[in-house]
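Dear colleague,

Please find below the structure that I am handing over to you. My notes on what was found in it follow directly after.

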Amino acid sequence: MKKFNWGKAILFNIITFGIYSLYMWHKVTKNTNEVAKSKGINTVMSFIPALLLGYITCGIYNIVWYIKLYKKQAKIARASGISLTPCAKPFVLLLLTCVPVYGFYVVCENNNRVIDAAYK
């Protein structure tokens, strides 16, 4: 499982013109699903099919998928006794992640906490 530093993620995303974020989202989804399986929690759809459905639905499915991913991370956190950033409300999180720099921070931090939950 891969942890992400949000500063490096932003830098790599800028350098690669957004391609790095595709890799990051793939790994975050994979990490979340691995930990969910180990905790007996249902998994969320993989990133690539979700991305393709997002294109078909003009981005609407991406929002739905993102909320589902965050809910899975929150369920893992509750099962492990840890908290996520910044709150437990997925709609508030969705609004906050519209700010790109803060969005990368939230994604990276939640991914790292989910990975830590795997080892609790």
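Asn111 is buried, with a relative accessible area of 0%; buried here means under 20% relative accessible area, exposed over 50%, and partly exposed in between, using a 1.4 Å probe and protein chains only. The residue is found in helix α6. Helices (H or I, at least four residues) and strands (E, at least two) are DSSP runs, numbered from the N terminus. Leaving aside neighbours within four places in sequence, Asn111 is in contact with Lys2, Lys3, Phe4, Lys27, Val28, Asn31 and Gln73, where contact means heavy atoms within 4.5 Å.

Two remarks on the basis of these notes are in order. This is a predicted model, in which local features need pLDDT of at least 70 and side-chain atom pairs count only at pLDDT 80 or more, whereas totals for chains, interfaces and linings use all residues. Residues are numbered from 1 along each chain as its sequence is written, and side-chain values use heavy atoms, with hydrogens and water left out.

Overall organisation

The chain contains six helices and zero strands, and its pattern along the sequence reads α-α-α-α-α-α. Of its 120 residues, 42% count as buried. Among contacts between residues at least 6 apart in sequence, 60% join residues at least 24 apart. The chain exposes about 6800 Å², of which carbon and sulfur atoms supply 67%; accessible areas come from the Shrake-Rupley method with a 1.4 Å probe, and for residues only the protein chains shown count as cover.

Salt bridges

A search of the whole structure finds two salt bridges, a salt bridge being a side-chain nitrogen of Lys or Arg within 4 Å of a carboxyl oxygen of Asp or Glu. One of them joins the side chains of Asp116 and Lys3, at 2.6 Å from N to O. This pair links distant parts of the chain, since Asp116 belongs to helix α6 (residues 100-118) and Lys3 to the segment before α1, 113 residues apart. Asp116 is partly exposed, at 38% relative accessible area, and Lys3 is also partly exposed, at 44%.

Glu109 forms a salt bridge with Arg113, and the closest N and O atoms are 3.2 Å apart. Because Glu109 and Arg113 are four residues apart in helix α6, about one helical turn separates them. An α-helix has 3.6 residues a turn, so residues three or four places apart point the same way. Glu109 is partly exposed, with a relative accessible area of 22%, and Arg113 counts as partly exposed at 23%.

Which residues of helix α3 (residues 47-56) are buried? They are Phe47, Ala50, Leu51 and Gly54. These residues cover an arc of only 100° around the axis and therefore lie on the same side of α3; the arc is that of the directions from the helix axis to the C-beta atoms. On the other side of α3, Tyr55 and Ile56 are exposed. The buried residues of α3 pack against α2 (19-39) and α4 (60-80).

His26 lies in helix α2 and counts as partly exposed at 34% relative accessibility. His26 and Leu51 are 25 residues apart in sequence, and their C-alpha atoms are 9.9 Å apart in space.

Cysteines

Cys58 follows α3 and has a positive phi, near 60°. At 72% relative accessibility, Cys58 counts as exposed, whereas Cys108, at 1%, counts as buried. The structure holds zero disulfides, a disulfide being a pair of cysteine sulfur atoms within 2.5 Å.

Helix α1

Leu11 lies in helix α1 (residues 6-15) and counts as partly exposed at 46% relative accessibility. Together with Phe12 and Ile15, Leu11 forms a nonpolar patch on the surface, with about 280 Å² of accessible area in total. Patches are made of residues with over 30% relative accessible area and no salt bridge, like charges being joined within 9 Å and nonpolar side chains (Val, Leu, Ile, Met, Phe, Trp, Tyr) within 5 Å.

Asn13 also lies in helix α1, but counts as buried at 16% relative accessibility. Not counting residues up to four places away in sequence, Asn13 touches Gly18, Ile19, Tyr20, Ser21 and Phe104.

With kind regards
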